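This briefing is intended to be read beside the sequence and the 3D structure.

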Amino acid sequence: MTKREDGGFTFTATAEDFPKKHKAPVINIAIADTGKFIMTASSDTMVLIWNLKGQVLSTINTNQMNNTHAAISPCSRFVASCGFTPDVKVWEVCFGKKGDFQEVVRAFELKGHAAGVHSFAFSNDSRRMVSVSKDGTWKLWDTDVEYKKQQDPYLLRTGRFEEASTMPCRLALSPDTHVLALASGTSIHLFNTRRGEKEECFEQVHGECITDLSFDITGRFLASCGDRAVRLFHNTPGHRAVVEEMQGLLKRASSDSTRQRLQQQLTQAQEALKSLGALKK
């Protein structure tokens with residue numbers, strides 16, 4: 001990146017291949033939001049942490065027989081993986097005060113599934129995680145724990161998703177953690193995480209199996225990709241969850257200013273549902 005005389009910037013792409021370190025196909029790649037490291041994971045049990053120049057900072061053996069998914073948390077502190085074993089393993093990638101890499105240490109595990117885990121996701125603030133397993137369940141976890149004092153994550157909710165017992169799944173968690181999207185085959189299922197109930201099902205939305213799901217930063221839309229298309233859906237269960245939450249908070253609100261603010265949020269959510277023809281009478 002070079003600065004021009006007019007104050008703007010010129011970007012020049014430099015083609016640079018990282019050295020071949022994986023022995024099995026790479027299934028996930030991610031760049032930390034801090035820009036400090038890159039993570040790659042292969043279908044065996046290897047997860048690599050790289051700097052941006054292509055040097056391996058750390059090699060992680062997940063000991064999960066095989067990896068099915070790996071990701072970096074939005075806060076860039078954690079790397080996690082899941083696979084054949086019935087758990088999700090999470091490590092902390094540690095840097096010094098001057099930004100220099102120090103080490104990768106085991107942080108905590110999500111334990112409670114009875115079979116291998118297909119996939120998992122972090123919430124936007126990295127304080128919640130969700131997982132889906134071959135045992136036909138999904139689980140929502142509170143991961144805002146003092147793991148250095150051996151405190152384990154708390155299980156907040158378990159829901160049934162029978163499709164997960166017969167085919168691979170992908171998932172996404174809305175920014176406010178109120179909605180879980182699960183994809184199996186060519187269909188998408190939306191769950192309310194507070195009640196654990198399925199609210200919407202979009203069937204056969206792609207010509208091929210869905211490969212990824214993602215909510216936008218506002219949580220109003222859900223994107224899916226499968227064949228050669230990316231499709232966008234309105235997150236109506238998210239608006240309904242806001243309505244439920246605001247109605248509950250209004251009953252307990254003690255000041256007029258709080259009630260006014262909550263009523264405004266409630267009205268906005270109800271108007272959004274009405275415009276989508278999804279307002280329940």
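The structure is a predicted model. Its largest pocket has a volume of about 710 Å³, and its largest nonpolar core has 16 residues. Phe 78 is among the residues with the most contacts inside that core.

**Largest pocket**

- The volume of the largest pocket is about 710 Å³, and 29 residues line this pocket.
- Of the lining residues, Ala 71, Ala 121, Phe 122, Leu 213 and Ser 214 are the closest to the centre of the pocket.
- Two or more lining residues come from each of strand 3 (26-31), strand 7 (67-72), strand 11 (117-122), strand 15 (169-173) and strand 19 (212-215).
- Strand 3 makes the greatest contribution to the lining, with 5 residues.
- Sorted by class, the lining comprises 18 nonpolar, 7 polar and 4 charged residues.

**Nonpolar cores**

- In soluble globular proteins, nonpolar side chains tend to be buried together.
- Within the largest nonpolar core, of 16 residues, the most contacts are made by Phe 78, Ala 80, Val 88, Val 90, Phe 108, Phe 120 and Met 129.
- At least two residues of this core are supplied by each of strand 8, strand 9 (87-95), strand 10 (101-111) and strand 11.
- Phe 120, leaving aside neighbours within four places in sequence, is in contact with residues including Ala 80, Val 88 and Met 129. The contacts of Phe 120 also include His 69, Ala 70, Ala 71 and Leu 171.

- Phe 78 is located in strand 8 (residues 78-83).
- Phe 78 has a relative accessible area of 7% and is therefore buried, the limit for that class being under 20%.
- Not counting residues up to four places away in sequence, Phe 78 touches Ala 71, Ile 72, Ser 73, Val 90, Trp 91, Glu 92, Ala 107, Phe 108, Phe 122 and Tyr 147.
- Phe 78 and Phe 122 are 44 residues apart along the chain, and 9.9 Å separates their C-alpha atoms.
- Ser 73 belongs to the loop between strand 7 and strand 8, and counts as buried because its relative accessibility is 2%.
- A polar atom of the Ser 73 side chain lies 3.5 Å from the backbone nitrogen of Arg 77.
- Beyond residues up to four places away in sequence, Ser 73 touches Phe 78, Phe 122 and Ser 126.

**Thr 177 and Thr 193**

- Thr 177 lies in the loop between strand 15 and strand 16 (179-184), whereas Thr 193 lies in the loop between strand 17 and strand 18.
- Thr 177 counts as buried at 16% relative accessibility, and Thr 193 counts as buried at 4%.
- A polar atom of the Thr 193 side chain is 2.5 Å from the backbone oxygen of Thr 177.
- With neighbours within four places in sequence left aside, Thr 177 is in contact with Ser 123, Arg 128 and Thr 193.
- Thr 193, not counting residues up to four places away in sequence, touches Trp 138, Leu 140, Arg 157, Leu 173, Thr 177, His 178, Val 179 and Leu 180.
- From C-alpha to C-alpha, Thr 177 and Ser 58 are 31 Å apart in space and 119 residues apart in sequence.

**Ser 187 and Gln 204**

- Ser 187 is part of strand 17 (residues 187-192) and is buried, with a relative accessible area of 12%.
- The Ser 187 side chain reaches the backbone nitrogen of Gln 204 at 3.1 Å.
- Leaving aside neighbours within four places in sequence, Ser 187 is in contact with Leu 182, Phe 202, Glu 203, Gln 204 and Ile 210.
- Gln 204 is placed in the loop between strand 18 (197-202) and strand 19, and is exposed, with a relative accessible area of 68%.

**Positive phi values**

- Gln 204 has a positive phi, near 50°, in a residue other than glycine.
- Met 65, which is not a glycine, has a positive phi of about 70°.
- Met 65 is situated in the loop between strand 6 (56-61) and strand 7, and counts as exposed at 61% relative accessibility.

Technical notes
Residues numbered from 1 in each chain as written. Predicted model: local features only at pLDDT ≥ 70, side-chain atom pairs only at ≥ 80, totals over all residues. Heavy atoms only, no water. Helix = DSSP H or I, 4+ residues; strand = E, 2+ residues; numbered from the N terminus. Buried < 20%, exposed > 50% of the residue type's maximum accessible area, 1.4 Å probe, protein only. Polar contact = N/O pair within 3.5 Å; in protein donor to acceptor, adjacent residues only side chain to side chain. Contact = heavy atoms within 4.5 Å. 1 Å grid on protein atoms, 1.4 Å probe; cavity = no way out; pocket = protein on both sides within 12 Å on 5 of 7 lines; lining within 4 Å. Points joined across faces, edges and corners; volume = space filled by probe spheres on them. Nonpolar A, V, L, I, M, F, W, Y, C, P; charged D, E, K, R; others polar. Core = buried A, V, L, I, M, F, W, Y, C linked by side-chain atoms within 4.5 Å.
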